[in-house]
Amino acid sequence: MPKNRRDDYEGFVEKFKPKKTTDDCMTPPEVYEAVLSWCEREYGIDRASVVRPFWPGGDFEAFDYPDGCVVVDNPPFSILARICDWLDGRGVPFFLFAPALTALSRKSKRYCAILADARVTYDNGAGVLTGFVTNMCQDVAQARPDLARDIRAAQAARGAKFPKFAYPDNLVTPAMLGSCARHGLDVRIPREECEPVCRLDAQKAAGKAVFGGGLLVSDAVAARMWRAEPDPDAVPWGLSERERAIVRGLNEAGSKKRPRAGEGRGFTPFTRPAAFFKHARRSKERERAHGHGEEGRKPEERERV
């Protein structure tokens, strides 16, 4: 579908914006405070000695670590193993946020994995099952319900800052597709029946976006999606007239591509893969070689046929 000049410009600018990854999950202040307070009680550290050497674009190896300091921070998860070895090798005590699902993937027993069943909602809106790793403990792993309670209380206290969004039926997000798979729905979205979007028109003025991106889809695709019960507290977002026009175009494109009644789901002359024609060609060659094809028959046999 043709795009206007404004859409083209926004798409051009979007390409040069830094892409967010799990390394860019900024820690909510309330959650960090809960974790730091727990560390004070658990390890007897002085918060005046705590340093945070990790920030976007920073170099933790060039950071000035004062004598007697302790690192309590949320590092880039992609280089967590290297960070742990670097700090431990220089005698710096640390308590670091870590991805919970891979907290025990390290072969070294020098560090302790702290699991608290904590799904932290970070400042970019990402909900990550978070654990911790430290060199201030002699155990290899711990499950700590007290830390879990502290983090849940901190999340509840700031819950109003992260309203839930209710999207229109014609918008599909990664979370929605995950729900379909979880509920046993096999959903497939053809190219001609979707249009990628990073935000809805209604979200632009509010400075919001679709976390993880989404797809505007045709009515036929929307009808196949699994939908949770509406949340009365969710903020509703609707489609603009421009977006409704896109959906109408997707409906039209999908109806042209979809098989008509009675055609079934078998191959059509336009959808047969190359392997089909290759197999058919080889079959004819074998028939001719064994005298079973039209060219391999005797003249009198052709006449009878």
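Colleague: Where does Val 221 lie?
Modeller: Val 221 lies in helix H7, residues 219-224. Helices here are DSSP runs of H or I with at least four residues, strands are runs of E with at least two, and both are numbered from the N terminus. This is a predicted model, where local features need pLDDT of at least 70, side-chain atom pairs count only at pLDDT 80 or more, and totals for chains, interfaces and linings use all residues. Residues are numbered from 1 along each chain as its sequence is written, and side-chain values use heavy atoms, with hydrogens and water left out.

Colleague: Is Val 221 buried or exposed?
Modeller: Val 221 counts as buried, because its relative accessibility is 0%. Buried means under 20% relative accessible area, exposed over 50%, and partly exposed in between, with a 1.4 Å probe and protein chains only.

Colleague: What does Val 221 touch?
Modeller: Ile 189, Pro 190 and Glu 193, leaving aside residues up to four places away in sequence. A contact means heavy atoms within 4.5 Å. Val 172 is 49 residues from Val 221 in sequence, and their C-alpha atoms are 9.2 Å apart.

Colleague: Zoom out. How many helices and strands does the protein have?
Modeller: Ten helices and eleven strands. Of the 305 residues, 33% are buried. Take contacts between residues at least 6 apart in sequence: 65% of them join residues at least 24 apart.

Colleague: On to sheets. What is the order of the six-stranded one?
Modeller: S1-S2-S3-S5-S4-S6, an open sheet with mixed pairing. Two strands pair if DSSP finds at least two bridges between them. The edges are S1 (50-51) and S6 (141-143), each pairing on one side only.

Colleague: Which pairings are parallel, for example?
Modeller: S2 (residues 70-73) and S3 (residues 94-99) are parallel, over three bridges. There, Val 71 has Phe 94 in S3 as its bridge partner. S4 and S6 are also parallel, over three bridges, and Ala 113 is bridged to Ala 141 in S6.

Colleague: And S4 with S5, parallel or antiparallel?
Modeller: Antiparallel, over seven bridges. Arg 119 stands opposite Leu 129 in S5.

Colleague: Which helices lie across that sheet?
Modeller: Helix H2 (residues 29-43) lies across S1, S2, S3, S4 (112-121) and S5 (127-134), at about 135 degrees to S3. Helix H4 (residues 145-157) lies across S3, S4, S5 and S6, at about 20 degrees to S4. Axes are lines fitted to C-alpha atoms, for helices over the stretch in contact, and angles run from 0 to 180 degrees between N-to-C directions.

Colleague: Pick a residue in H4. What does Gln 155 touch?
Modeller: Gln 155, in helix H4, touches Val 31, Arg 119, Val 120 and Thr 121, not counting residues up to four places away in sequence. Gln 155 is buried because its relative accessible area is 16%.

Colleague: What about the three-stranded sheet, what order?
Modeller: S8-S10-S9, open and antiparallel. S8 (171-172) and S9 (194-197) are the edge strands, each pairing on one side only. S9 pairs with S10 (residues 214-217) over four bridges, antiparallel. Cys 194 has Val 217 in S10 as its bridge partner. Helix H8 (residues 241-257) packs on the sheet, touching S9 and S10, with its direction at about 65 degrees to that of S10.

Colleague: Last topic, rings. How many aromatic pairs are there?
Modeller: The whole structure has 13. Trp 38 and Tyr 43 form an edge-to-face pair, 5.9 Å centre to centre with 85 degrees between the planes. Rings of Phe, Tyr and Trp (its six-membered ring) pair if their centres lie within 6.5 Å; planes under 30 degrees apart count as stacked, over 60 as edge-to-face and the rest as tilted. Trp 38 counts as buried, because its relative accessibility is 1%.

Colleague: Which residues form the aromatic cluster?
Modeller: Phe 54, Trp 55, Phe 60, Phe 63, Tyr 65 and Trp 86.
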